[in-house]
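Subject: Structure handover

Hi,

Here is the structure I promised to pass on.

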Amino acid sequence: MNPEKDFSPLTPSIVRALNDKLYEKRKVAALEIEKLVREFVAQNSTAQIKHVIQILSQEFALSQHPHSRKGGLIGLAACSIALGKDSGLYLKELIEPVLTCFNDADSRLRYYACEALYNIVKVARGSVLPHFNVLFDGLSKLAADPDPNVKSGSELLDRLLKDIVTESNKFDLVSFIPLLRERIYSNNQYARQFIISWILVLESVPDINLLDYLPEILDGLFQILGDNSKEIRKMCEVALGEFLKEIKKNPSCVKFAEMANILVIHCQASDDLIQLTAMCWMREFIQLAGRVMLPYSSGILTAVLPCLSYDDRKKSIKEVANVCNQSLMKLVTLEDDEMDETKQSLVADVDENLSKQEMASSGCLDASSDPSFNNTSVFMPASTERIHVTLNLDGIVQVLDCHLCDSNIGMMTRIAVLKWLYHLYIKTPRKMFRHTDSLFPILLKTLSDESDEVILKDLEVLAEIASSPAGQTEDQGPYENSDAQAGQLDLHIPTPSKTCQAGCSGAKGMECSPSTPTMNSYFYKFMINLLRRFSSERKLLEIRGAFIIRQLCLLLNAENIFHSMADILLREEDLKFASTMVHTLNTILLTSSELFQLRNQLKDLKTPESRKLFCCLYRSWCHNPVTTVSLCFLTQNYKHAYDLIQKFGDLEVTVDFLIEVDKLVQLIECPIFTYLRLQLLDVKNNPYLIKALYGLLMLLPQSSAFQLLSHRLQCVPNPELMQTADGSKSSIGFKKTTAATAIDYAELLQHFEKVQNKHLEVRHQRASRGETLERRAVL
């Protein structure tokens, strides 16, 4: 510093003292400056005051010499003290050089800068608020200072500034938010701690409504929540908790839509605390905002669904995610299926802007411009007032489809996906049927799932698709394009016969005849593709086939299911599969409690519908001779059963054939055929029943089944001992004759022979191919 330079009104002794390396001498100089400035204040000499501040700033505080800078800092603080309440007029000139010293390489100098600014702020109090942003910016840097003394000094200044903000009603939050939004993304622990402490202070001030600007800082808060420091995480938890309390108190003032995307992102965080906190917020948002959250459903589901399969280590997250999922599902109602075109022009622009804004910020959301319903929440949030929210069904279905296709996804997630699909088909059937062709293959594939619960839910969805009135199309019959999605399989797709075509109709839960046209276009398609699935996956048929068909009989009309499957199998080209499938269906028909009513309907053949059903089943049952006989036993067509058994002599009797006869004998001893065994008492009216049973006995080798049936027939009484005086039993024979006249048994017998000849021909061809292959192998 040039000693000859004029620093007046500062005296040479003051200048020398300010440049001295000893603090005590600089302190004396500061007292002299304070005295000098007080005189200028008394004289109202503004120019002199500004000149003193300028000299201290330019010549000392910003000097190249460190001792001069220290002298300048203490001198500026002395000026502020002398100015008192008038210091507010000179704050810009006083603060700027001090803040510049915050960046000094000398830690002692940074400390003196903190000390000087503390004195300046202490005197000015509320007058510093217009300069709050530059003060905050400087303090945020010092909060991460490596020197403990500097950090301690900055904390004192920080507390003073917080007191001033708390007691003032002139804090400019609007201009502060951009700086807070920028600083909140700092990775330094001390800077983060500083930021959170200020957010907590601002939250506590009644006159400062930080909630309005929460969307600006929420993402940064969640990032701080993942800090390695437990103390910082705890502070951030407290801050987020306070915000959430305020949201619950004043939901009508909350900008839910602007924060939905942020929560979706952090609900997928790898950090458990972040994920749990974000999920708790999402739960509250869905419950408080209601249908306002619907445009973000696909993003929410993307975040929530995987959490449903968490194990006990993440039990808390799983439980909250489950509540989110259930609450979101309840928001979808029947009105979402309405197509109110008059809303479109009013809503399209607003929704498009909302969608672009949210999608630009993350790409995880699905704010849609398809207005399908009004906002019927209990309140109208300020940010969405008079804006109709929309359900983006396309986005939701895409998310559900992706999760269902993912083989790594957990069982509970797959169940939740299927529950969603079922709910959407119930609440928005017309819109959902646009997606049915794309969903159908994966729903069929899900039938191979390892979990029975998943299969049950899957069947519920498929049954709803097959029975919903919304699935009925006017321009497409129920049998057209039925192989659209699974053409790679080999199951032949028939054109239904007139007899059985009517049988593919029926309503879920309705006890109607097959001729009742209440099933939609997808029912027959479903039956065809289900049989395709069984044909291509024989293990599925073996392990789960009976389970699947029995459940479908509960969900849909059992008569329609058997009628349509019988009709399809009648034209099946893979005769071995047809025989296996018929055997499975017959076992279900004879043994399942779900088929009790259908068995009773077939038992007496009293109605034209029951007789048509019998004929339809019979024609397909002919693929398996033993099942055909069992069907005749069930329907009490004993004479025809006897005629069929007579034909068995012309068939190729294999080990499999004898095993099936063995099983039929075992079945006759079951409760299902109690009525048949009782009819053995009426020898006179049931001669063909006894003959048919003897025919089975003659087919069997000497085995346990042979002994069982032989003992049963030995119990048949002598006809002469069973004669009655009144002949009341003759009415039974009359009823059977009446039913029999309506059925052409001769034609059925011819059909049986025709089908069995085809089976014989195929077996011989297969055997010939096997011999040819063996000869080639030998050669």
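Rings of Phe, Tyr and Trp (its six-membered ring) count as a pair if their centres lie within 6.5 Å; planes under 30 degrees apart are stacked, over 60 edge-to-face, and the rest tilted. By that rule, F132, F136, F171, F176, F194 and W198 are joined into a cluster by ring pairs.

Some housekeeping: this is a predicted model, so local features need pLDDT of at least 70 and side-chain atom pairs pLDDT 80 or more, while totals for chains, interfaces and linings use all residues. Residues are numbered from 1 along each chain as its sequence is written, and side-chain values use heavy atoms, without hydrogens or water.

Back to the rings: the whole structure has 24 aromatic pairs. One of them is Y425 with F433, edge-to-face because the centres are 5.4 Å apart and the planes at 75°. Both Y425 and F433 are buried (under 20% relative accessible area; exposed is over 50%, partly exposed in between, with a 1.4 Å probe and protein chains only). F648 and F657 are also edge-to-face, at 5.3 Å centre to centre and 80° between planes. F648 is buried at 1% relative accessibility, and F657 is buried at 8%.

Now the helices (DSSP runs of H or I, at least four residues, numbered from the N terminus). α19 (residues 411–427) packs on α22 (residues 452–467) at about 15°, with axes 9 Å apart; axes are lines fitted to C-alpha atoms over the stretch in contact, and angles run from 0 to 180 degrees between N-to-C directions. That makes α19 roughly parallel to α22 (under 35 degrees; over 145 is roughly antiparallel, 65 to 115 roughly perpendicular, the rest oblique).

Cheers

Conventions
Helix = DSSP H or I, 4+ residues; strand = E, 2+ residues; numbered from the N terminus.
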